[in-house]
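I am opening a notebook on a structure that is new to me, and I mean to write down what I look up as I go.

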Amino acid sequence: MRGKVEQYLLKKIQNDGAIHLTLIDPEETTAASASSIARKAEEGGTAGIMVGGSTFTSTSHLDNVVKTIKRVVKIPVILFPNNVTGISRYADAIWFMSLLNSTDPYFLVGAQILGAPLVKRFGLEAIPMAYIIVGEGETAGVIGKATPIPYTKPELAAVHALAAQYLGMRFVYLEGGSGAKEPVPATMINMVKKMIDVPLIVGGGIRKKEHVESAVSAGANIIVTGNVIENANVKAKVSELVHTIIQTTGKCK
Ligand code: 1GP
C-alpha cells in the first residue's frame with residue numbers, strides 16, 4: 001500500500017521529471033531556524049522537507065524541530081533517520097531505509113526491527129528505500145560502517161540498486177555523503193538509472209547549478225540538498241536549484 005506522501009512524490013516526479021527535497025539536519029539548527037529554512041525552501045519551490053543527520057540528536061529536540069516545521073509548511077515532512085533516535089511522531093512519513101553496503105547488520109536490518117513498532121505506533125507512513133553510500137561517504141559512511149562504492153566503479157552501484165529493486169524497495173538513494181567535495185558523478189547515476197525502474201534519489205555535495213544539471217540529465221529523479229542552504233539566502237538558492245531542475249528536465253523531454 002502506497003501512502004499519501006509516496007503518491008505525492010511519484011505524481012510530482014511523473015509530472016516534472018525530477019524534484020528537489022530540502023534536507024534539514026536537526027543537529028545543526030534550532031527549531032526556530034529549522035522552521036524558517038523550511039518555509040523559505042517551500043517558497044523557493046522545494047517539494048518536501050527531509051529531517052535527519054548522520055550523528056546524534058535528542059529525540060525531544062528532533063520532535064521540536066519537526067513540530068515547528070510542520071506548523072509553517074504544507075509540503076510533506078519526511079524523516080531521514082540514521083538510527084532509531086531519528087523517529088518523530090510529528091512527521092508525515094519516514095524513509096524506511098536499509099544501508100545496503102553497510103558491513104554491520106544493525107544498519108541493514110537491526111535498527112529497522114527496533115524502529116518498526118514505533119513507526120506503526122506513531123502512524124508514520126513508511127516509504128521503503130535502499131540507501132547506498134558512494135564515493136568518500138563522509139560521516140554517513142563512517143557511522144553506518146559502510147564500504148563506500150568508489151565513483152570509479154559505477155557498475156557496482158548499479159547491481160546494488162538492482163538488488164534493492166528486486167527486494168521490493170521502492171526508491172534508491174545514491175549518497176555521496178553530506179558535504180562531499182565531489183557529488184555523485186553522472187556516469188554512476190546514469191548506470192544505476194538504466195538498471196532500475198524505481199525513482200532514483202541523489203544527494204551529497206550538490207552545491208552548484210552544474211551539479212544539478214549533470215545529475216538530472218543523467219537520470220536522477222530526486223535531488224537532495226542540505227549544506228548548500230546553511231549559509232545562503234534559502235529562498236533564492238532553492239529557487240535556483242528548482243529552476244535548474246525544471247530547465248534540465250525540459251531539455252531531456
Ligand atoms: C546528505 O545527501 C545529503 O545526506 C545532502 O548532502 O549536505 O552535501 O547537500 P549535502
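Is His-211 buried or exposed? I find that His-211 is buried, because its relative accessible area is 16%, where buried means under 20% relative accessible area, exposed over 50% and partly exposed in between, with a 1.4 Å probe and protein chains only.

Before going on, I note that this is a predicted model, in which local features need pLDDT of at least 70 and side-chain atom pairs count only at pLDDT 80 or more, while totals for chains, interfaces and linings use all residues. Residues are numbered from 1 along each chain as its sequence is written, and side-chain values use heavy atoms, with hydrogens and water left out.

Leaving aside neighbours within four places in sequence, His-211 is in contact (heavy atoms within 4.5 Å) with Pro-183, Gly-205 and Ile-206.

Next I turned to the whole chain, where I count 9 helices and 8 strands. Buried residues make up 54% of the 253 residues, and among contacts between residues at least 6 apart in sequence, 74% join residues at least 24 apart. The C-alpha trace spans about 40 × 40 × 35 Å along its principal axes.

My last search was for aromatic pairs, meaning rings of Phe, Tyr and Trp (its six-membered ring) with centres within 6.5 Å, where planes under 30 degrees apart count as stacked, over 60 as edge-to-face and the rest as tilted. The whole structure holds 5 such pairs. In one of them, the rings of Trp-95 and Phe-171 have centres 5.1 Å apart and planes at 70°, so I record the pair as edge-to-face. This pair links distant parts of the chain, since Trp-95 lies in strand β4 (residues 93–99) and Phe-171 in strand β6 (residues 171–175), 76 residues apart. Both Trp-95 and Phe-171 are buried.

The rings of Tyr-106 and Phe-107 also form an edge-to-face pair, because their centres are 5.2 Å apart and their planes stand at 85°. Here I noted that Tyr-106 counts as partly exposed, at 27% relative accessibility, whereas Phe-107 counts as buried, at 13%. Finally, I wrote down that Phe-80, Tyr-131 and Tyr-173 form one aromatic cluster.

Notes:
Helices (H or I, at least four residues) and strands (E, at least two) are DSSP runs, numbered from the N terminus.
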